[in-house]
Amino acid sequence: SVIVSDTDPNKVWVTFSGYVDGEKVYKTTNGGTSWTNVSTGLPNLPINTMVYVNGSALDAVYLGADIGVYYLDNNNTTWIPYFNNLPNCSVRDLEIYYPSNKLRVATYGRGVWESDVYNGDTDCSYVVTNTNDNGIGSLRCAIIAATNTDFINFDIPPNSIINLTNV
């Protein structure tokens, strides 16, 4: 997949779909004279699609991988798993519907989904409300967002089990 900034044609992102660890996404800001590997935080799985957020001052981009959607902008040094109201499955196409500020996600075998676009002030809160995928996507997001805080709170029903592992 190749995407280009809508405001600066020298900014280009290229994705690779394969199993070479750490070699998933490259970005150039000078029209291809030099490239920077921006794959930090991505799993070693195929990257299938990517979309640039038009008019983004932070060069926000989403990518669709074999296990879901990831988000990156200039404020982040690593990709953020973006599972808010989205399934944990192979993503084949991404589009942004600007009139309602929605990210539309086409998957392999799970249909088409829609989620609000990323908002760094409100997304990945510690409140897990997504039950479309048994809460797994939202739980991952909550744990990642909590790395800058001291506490992660769980409201667990009686006789329930939560296993936390280092991924």
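Mentor: A charge sits over a ring if NZ of Lys or CZ of Arg is within 6 Å of the ring centre and within 35 degrees of the ring normal. Keep in mind that this is a predicted model.

Trainee: Okay, which residue lies over the face of Y97?

Mentor: R104 does, at 4.2 Å from the ring centre of Y97.

Trainee: Moving on to strands. What is the order of the open sheet of three strands?

Mentor: The order is 9-10-11, and the pairing is antiparallel.

Trainee: And which are the edge strands?

Mentor: Strand 9 and strand 11, each of which pairs on one side only. Neighbouring strands in this sheet are turned against each other by 20° on average, with direction ignored.

Trainee: How many bridges join strand 9 to strand 10?

Mentor: Six, and the two strands run antiparallel. Take I96 as an example: its bridge partner in strand 10 is L103.

Trainee: L103, noted. Which residues touch the most other members of the largest nonpolar core?

Mentor: L103 is one of them, along with Y62, V69, Y82, L94 and V105. That core has 17 residues.

Trainee: Which strands each supply at least two residues of it?

Mentor: Strand 7 (68-72), strand 9 (91-97) and strand 10 (102-107). The largest share, three residues, comes from strand 9.

Trainee: What about the other core, how many residues is that?

Mentor: It has 15 residues, including W13, V61, L63 and A65, and it lies apart from the largest one.

Trainee: Back to strand 7. How many of its residues are buried?

Mentor: Five of its five, so the strand is mostly covered.

Trainee: What does strand 7 pair with, going by bridges?

Mentor: Five bridges join strand 6 (residues 61-65) to strand 7, and these two run antiparallel. They form a hairpin with two residues between them. Strand 7 is also joined to strand 8 by two bridges, again in an antiparallel arrangement.

Trainee: Which residue in strand 7 is the bridge partner of Y62?

Mentor: Y71. On the strand 8 side, Y70 stands opposite P81.

Trainee: Lots of tyrosines. Which residues form the aromatic cluster?

Mentor: Y62, Y71, Y82 and Y118 form one cluster. The structure holds seven aromatic pairs.

Trainee: How is a pair of aromatic rings described?

Mentor: By the distance of the centres and the angle of the planes. For Y82 and Y118 the centres are 5.9 Å apart and there is 75° between the planes, which makes the pair edge-to-face.

Trainee: Where do Y82 and Y118 sit in the chain?

Mentor: Y82 is in the loop between strand 8 (80-81) and strand 9. Y118 is in the loop between strand 11 (112-116) and helix 1 (136-145). They are 36 residues apart, and the pair links distant parts of the chain.

Trainee: Why does Y82 count as buried?

Mentor: Because its relative accessibility is 0%, and buried means under 20%.

Trainee: Last topic, S56. Where does it lie?

Mentor: S56 lies in the loop between strand 5 (47-52) and strand 6.

Trainee: Is S56 buried or exposed?

Mentor: S56 is buried, because its relative accessible area is 13%.

Key:
Residues are numbered from 1 along each chain as its sequence is written. This is a predicted model: local features need pLDDT of at least 70, side-chain atom pairs count only at pLDDT 80 or more; totals for chains, interfaces and linings use all residues. Side-chain values use heavy atoms; hydrogens and water are left out. A nonpolar core is a set of buried Ala, Val, Leu, Ile, Met, Phe, Trp, Tyr and Cys residues joined through side-chain atoms within 4.5 Å. Buried means under 20% relative accessible area, exposed over 50%, partly exposed in between (1.4 Å probe, protein chains only). Helices (H or I, at least four residues) and strands (E, at least two) are DSSP runs, numbered from the N terminus. Rings of Phe, Tyr and Trp (its six-membered ring) pair if their centres lie within 6.5 Å; planes under 30 degrees apart count as stacked, over 60 as edge-to-face and the rest as tilted. Two strands pair if DSSP finds at least two bridges between them. Axes are lines fitted to C-alpha atoms, for helices over the stretch in contact, and angles run from 0 to 180 degrees between N-to-C directions.
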